[in-house]
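The following paragraphs lead the reader through one protein structure. Please keep the sequence and the coordinates in view while reading.

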Amino acid sequence: MKMPITSLLLLAACGLLSGCSSRSVMPNKDGVEVSREAPDKDDKCRKIGRITGTSGSAKGTREEVLEDLKQTAANKGANFVVVKQYSPQGTSVTGVAYVCP
């Protein structure tokens with residue numbers, strides 16, 4: 001009698017674990033457009049605010065900090081970023097995030 005109960009519990013545990021696998025809850029940065037120019041007023045974009053992208057390394061590249069800036073924008077629900085300034089070392093970048101239709 002113990003064997004069927006153990007098997008049943010194991011089967012239930014496997015079912016629960018497989019039900020927990022899902023897609024990522026992190027927003028996708030690939031949908032974030034980056035520009036040096038503010039969006040057109042006709043686009044009716046809503047300004048979210050100032051954001052920063054950084055590198056985890058002192059030898060970070062502009063590409064790395066820009067990717068981090070895009071991820072930060074996506075995390076806040078933005079889909080458009082205006083790049084304002086890179087740090088002199090290139091390890092951070094500031095910008096303004098927008099939601100555009």
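The link of C45 and C100 is right-handed, with 115 degrees about the S-S bond. This geometry belongs to a predicted model, in which local features need pLDDT of at least 70 and side-chain atom pairs count only at pLDDT 80 or more, whereas totals for chains, interfaces and linings use all residues. Residues are numbered from 1 along each chain as its sequence is written, and side-chain values use heavy atoms, with hydrogens and water left out.

The disulfide count comes to 1, a disulfide being a pair of cysteine sulfur atoms within 2.5 Å. In the bond that joins C45 to C100, the S to S distance is 2.0 Å. The pair links distant parts of the chain, 55 residues apart: C45 lies in the loop between β1 and β2 (46–54), and C100 in the segment after β4. At 14% relative accessibility, C100 counts as buried. Here buried means under 20% relative accessible area, exposed means over 50%, and partly exposed covers the range in between (1.4 Å probe, protein chains only).

The protein has 2 helices and 4 strands, and read along the sequence they follow the pattern α-β-β-α-β-β. These elements are DSSP runs numbered from the N terminus: helices are H or I runs of at least four residues, and strands are E runs of at least two. Of the 101 residues in the protein, 30% are buried. The protein exposes about 7400 Å², of which carbon and sulfur atoms supply 56%; accessible areas come from the Shrake-Rupley method with a 1.4 Å probe, and for residues only the protein chains shown count as cover. Among contacts with a separation of 6 or more, 67% are between residues 24 or more positions apart, where contact means heavy atoms within 4.5 Å.

The buried residues of α2 are V65, L69, K70, Q71, T72, A73 and A74, and what covers them includes β1, β2, β3 and β4. After α2 comes G77, with a positive phi near 90 degrees.

The largest nonpolar core has 12 residues: V32, I51, V65, L69, A73, A74, A78, V81, V83, Y86, V93 and A97. Such a core is a set of buried Ala, Val, Leu, Ile, Met, Phe, Trp, Tyr and Cys residues joined through side-chain atoms within 4.5 Å. Two or more of its residues come from each of α2 (62–75), β3 (80–86) and β4 (92–99), and α2 gives the most, with 4 residues. Apart from this core lies another, of 5 residues, among them F80, V82, Y98 and C100. Not counting residues up to four places away in sequence, V65 touches G53, T54, S55, Y86, G90, T91, S92 and V93.

At 2% relative accessibility, V82 counts as buried. Its C-alpha atom is separated by 6.6 Å from that of A97, 15 residues apart along the chain. Leaving aside neighbours within four places in sequence, V82 is in contact with S35, R36, E37, A38, P39, T94, G95, V96 and Y98.

Charged side chains complete the picture. Side chains of opposite charge can pair when their charged atoms come close. The number of salt bridges is 2, each being a side-chain nitrogen of Lys or Arg within 4 Å of a carboxyl oxygen of Asp or Glu. E67 forms one with K29, the closest N and O atoms being 3.2 Å apart. E67 lies in helix α2 and K29 in the loop between α1 (2–20) and β1 (33–35), so this pair ties together parts that are 38 residues apart in sequence. Both partners are partly exposed: E67 at 30% relative accessibility, and K29 with a relative accessible area of 24%.

The side chains of E67 and K70 also meet in a salt bridge, at 3.8 Å from N to O. These two residues both lie in α2, 3 residues apart, about one turn of the helix. K70 is buried, with a relative accessible area of 14%. Through shared partners, the salt bridges join K29, E67 and K70 into one network.
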